[in-house]
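Subject: Structure for your files

Hello,

Here is the structure I said I would pass on. My notes on it follow below.

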Amino acid sequence: MSFIPVYILILGFTIVIDFYAGILLEGAKGKTKKLFLIFSLIANIGVLAVFKYYNFLLENFTSLVYSFNWTNPLPALKIILPIGLSFHTFQAMSYTIEVYRGHQKAERNFGIYSLYVMFYPQLVAGPIERPQNLLPQFREEHFFDFERFKSGFTQMAFGLFKKVVIADRLSLAVDYSYANIGTQSGLSLIIATTFYAFQIYCDFSGYSDMAIGAARIMGFKLMDNFNTPYFSKSVSEFWKRWHISLSTWFKDYLYISLGGNRVKMPRWFLNIFIVFTVSGLWHGANWTFILWGAIHGLFLIFAVLKDKLIDRLNWSFLTHRFFDIPNTLITFSLVCLAWVFFRATSVSDGFEIIKKMAQFSFHDKVSLYFYRYELLFCFFLIAFLMLKEKYFLQINTTKNSYFYVITSLILFSSYLFGVFNQKQFIYFQF
Amino acid sequence: MRKLISFSIIVICCGIYYASNSAKITEKYTDFRERGMLLGSDKIGYGGLYGMCYLSDYRQPFFYDIKESDDTLVKNINLYLFCDSYLYYRVTPKHFSYNDKLYKMKWFETETFLSQESLDTTKKNVLVFEMTERYVRSLLDSYEGATNMLKFEKEQNENLKQQENTNSKSLIDKFQEPFINPNINSNLELNLFDYKLFRPLKELKANLNFHIFNRVYDGVFVDTAKQQLYYKPTVEGEQKMNAFYPLDSGEISTLIDNINKLNDFYHSKGFDEIYLAIIPNPVTMINPSLGHYNNLIPLLNSNDSLRMNLIDSYSLFKQNPTLFYSKSDSHWNSIGLQRWLDEFNRKLKLLSQQNKVPS
């Protein structure tokens, strides 16, 4: 993954294809309309397939043909994954699908359509916007508004804090631990995985905060991408709060297209499993991501079965508030279990980590390449984040004095405690 | 008015981006600030390692007061110096005795090279390979690089042709080159934040991270007694810069072989004397017990088959090493440089007297 200026041509290619596809789709009917949509989707998915999945598929194909003692005639491509490719491709696809479904009029201004795909704040890592929300905003006139500036700037500042203070600090322990699995104790790996859960959350939601805040300063309203996901009481609730723009994308365009839950139960479960496995594949061309998605698919299927069992046995007391905290902890543990595969460099490493974690003891030595105060500081940061999200989700900046004091504090502490090691956002690679 | 402000902001941002994208502008601007103007640089002037980590305990002014040689001496030596950037920027012809002309060339300077029509045979021609210990194993593991750095006219034309060929860039490279410099992040940081004004903040952050979290900037290693900063790759890690990274007899033989080839090559080009000067890593001299020193310099110096002359800084510095190194730099200090110059000038004196060329 890299920022290579010439790759702007790829973006140009999808923009041109989808712009004209939208216009043609609007005027077409029946099979022709479907054909235009298929053509547009193939162009978009084709770009993804070449740049993101070709070498992965080739690698697996080579292993397969070798097992039959054949040789693979296909060459490997020396290409680098363009930064944010999956994000803007999905945003472009959402446009053509919406035009096809008749929910959105085709955009006839090439400049405005290009801006929809390339809108700078969310170009590289989302939120993946819908045309109904974003396109009309490009036709509105925007003026500077100080109130909007204050709330946008504060959100950006806290996004920066989440990235450089929390995510990048936690990554120091996570990177070390996951790079030295052999020497790590079970307890170390449990702590590292917990840290990773918060690292990836702060890394990605920090970016989303900065994107949403920057857009708000300019007068644009982008959709929310996160809603305190680690307070979820079930995995299905987690997916309504985590990377909302992607999960709703898959729900609207893949899950519903497959029939959703309006089919027989085995097919319904298959739909869930397909959607989550594809979602895993969306993240990266690696079996670890596919497995991560598949695990979440299985969690969701078990959750449906569990709900049905509770209904049948009439154990509604299990949904009482008393069980909120245990349910939240169980959900968090399950999510962390799946994160192991997301973070591990290979599936075998992932299983090795799970095995070690299962054998943990409280007497295990914790060796995370951290001095003890830094470890305590990390726990403090996580507690701070959770408390902030529980009680002060929105930072109040209505009074100018609040705004100046709070943003100064956030920015100063971001500088003072931030880790500036030029570590990219995790989701830039997708 | 609002449009004017907006436009001005855009112009300023584009200007900063353009300047930071250009290596030349950034270099010139850094030189400009090095002289203390425009608030001055807080990175330069206190040792390179301080400029990386900003630990206030190690902020020491870094002086370069070296003596000039006696101007009345006969000038019968032309000196060719292949050196690191430290020496390149510090020495002038006046620092060397009996020196008529000084030709300097930095290691790793791939775009330029020294060129001569031919050596001036009315003078003694002396060639020096000066390098820090951390680069010895990479610079001398093959000798082609060093032979290509000094060209004579005929060879130069061929070399230029070769360079033209290698410099012919693809259309894609030409398209993207004006937009992004791989060092854009560090250049932006330098141009926007490398001012003395920011020093208290930088030191506060560095001290806090060091004293509470025991963390320093990645490239810096603080010794166990907290008396000295070392360049981390010379102390830790599996790389050839590391003074404690194992060295086998095969590698020593290869290095000796390459040094000898270099020696023979340049003698055949007409040089009268050729010297090798390896400047020991600070950790090698001050705290070799931090690990198991691989004895690179002693092994090279004591090897009987080595044909190139040595300027042996290792033995010169061994007695009182802390005197010759700054506690916040990866190089010797000006006392170390002066000691080295004195030793080298002593050799030049002998050389000048041994074989006087009639003027």
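I start with one residue of chain A: A:Arg148 touches A:Phe143, A:Arg216, A:Ile217, A:Met218 and A:Gly219, leaving aside residues up to four places away in sequence. Please keep in mind that this is a predicted model. A:Arg148 belongs to helix 6 of chain A. A:Tyr196 is 48 residues away from A:Arg148 in sequence, and the two C-alpha atoms are 33 Å apart in space.

Two other helices of chain A

Helix 14 of chain A covers residues 372-391, 20 residues in total. From first C-alpha to last it reaches 29 Å, close to the 28 Å expected at 1.5 Å a residue. The buried residues in helix 14 of chain A include A:Leu375, A:Phe377, A:Cys378, A:Leu381, A:Ile382, A:Leu385 and A:Met386. A:Glu374, A:Lys388 and A:Glu389 are buried in this helix too. Which helices cover these buried residues? Among them are helix 6 (146-179), helix 7 (186-217) and helix 15 (400-417) of chain A, and the cover also includes helix 10 (199-213) of chain B.

Helix 9 of chain A (residues 244-255) has as its buried residues A:Ile244, A:Ser245, A:Leu246, A:Ser247, A:Trp249, A:Phe250, A:Tyr253 and A:Tyr255. Their cover includes helix 3 (85-101), helix 8 (235-241) and helix 10 (265-283), each of chain A.

Chain B and its sheet

Chain B contains 16 helices and nine strands. It has 359 residues, of which 47% count as buried. Taking contacts in chain B between residues at least 6 apart in sequence, 74% join residues at least 24 apart.

Five strands of chain B form an open sheet in the order 2-1-4-8-9, with parallel pairing. Its edges are strand 2 (99-106) and strand 9 (309-310) of chain B, each of which pairs on one side only.

Strand 1 of chain B (residues 77-83) is mostly covered, with seven of its seven residues buried. B:Ile77, B:Leu79, B:Leu81 and B:Cys83 point one way from the strand, while B:Asn78, B:Tyr80 and B:Phe82 point the other way. Strand 1 and strand 2 of chain B run parallel and are joined by seven bridges. In that pairing, B:Leu81 stands opposite B:Lys104 of strand 2.

One of the residues involved is B:Tyr275, whose bridge partner in strand 9 is B:Asn309.

The cavity

Rolling a probe the size of a water molecule over the atoms shows where empty space is left. Here the count comes to one cavity of 30 Å³ or more. The largest cavity has a volume of about 40 Å³. Which residues line the largest cavity? They are B:Glu133, B:Arg134, B:Arg137, B:Lys240, B:Met241, B:Asn242, B:Ala243, B:Asn281, B:Asn294 and B:Leu296. Helix 5 (residues 133-139) of chain B gives the largest share of this lining, three residues. By type, the lining of the largest cavity divides into three nonpolar, three polar and four charged residues.

Regards

Key. Residues numbered from 1 in each chain as written. Chains lettered and ligands numbered in written order. Predicted model: local features only at pLDDT ≥ 70, side-chain atom pairs only at ≥ 80, totals over all residues. Heavy atoms only, no water. 1 Å grid on protein atoms, 1.4 Å probe; cavity = no way out; pocket = protein on both sides within 12 Å on 5 of 7 lines; lining within 4 Å. Points joined across faces, edges and corners; volume = space filled by probe spheres on them. Helix = DSSP H or I, 4+ residues; strand = E, 2+ residues; numbered from the N terminus. Nonpolar A, V, L, I, M, F, W, Y, C, P; charged D, E, K, R; others polar. Expected span 1.5 Å × (residues − 1). Buried < 20%, exposed > 50% of the residue type's maximum accessible area, 1.4 Å probe, protein only. Contact = heavy atoms within 4.5 Å. Pairing = 2+ DSSP bridges.
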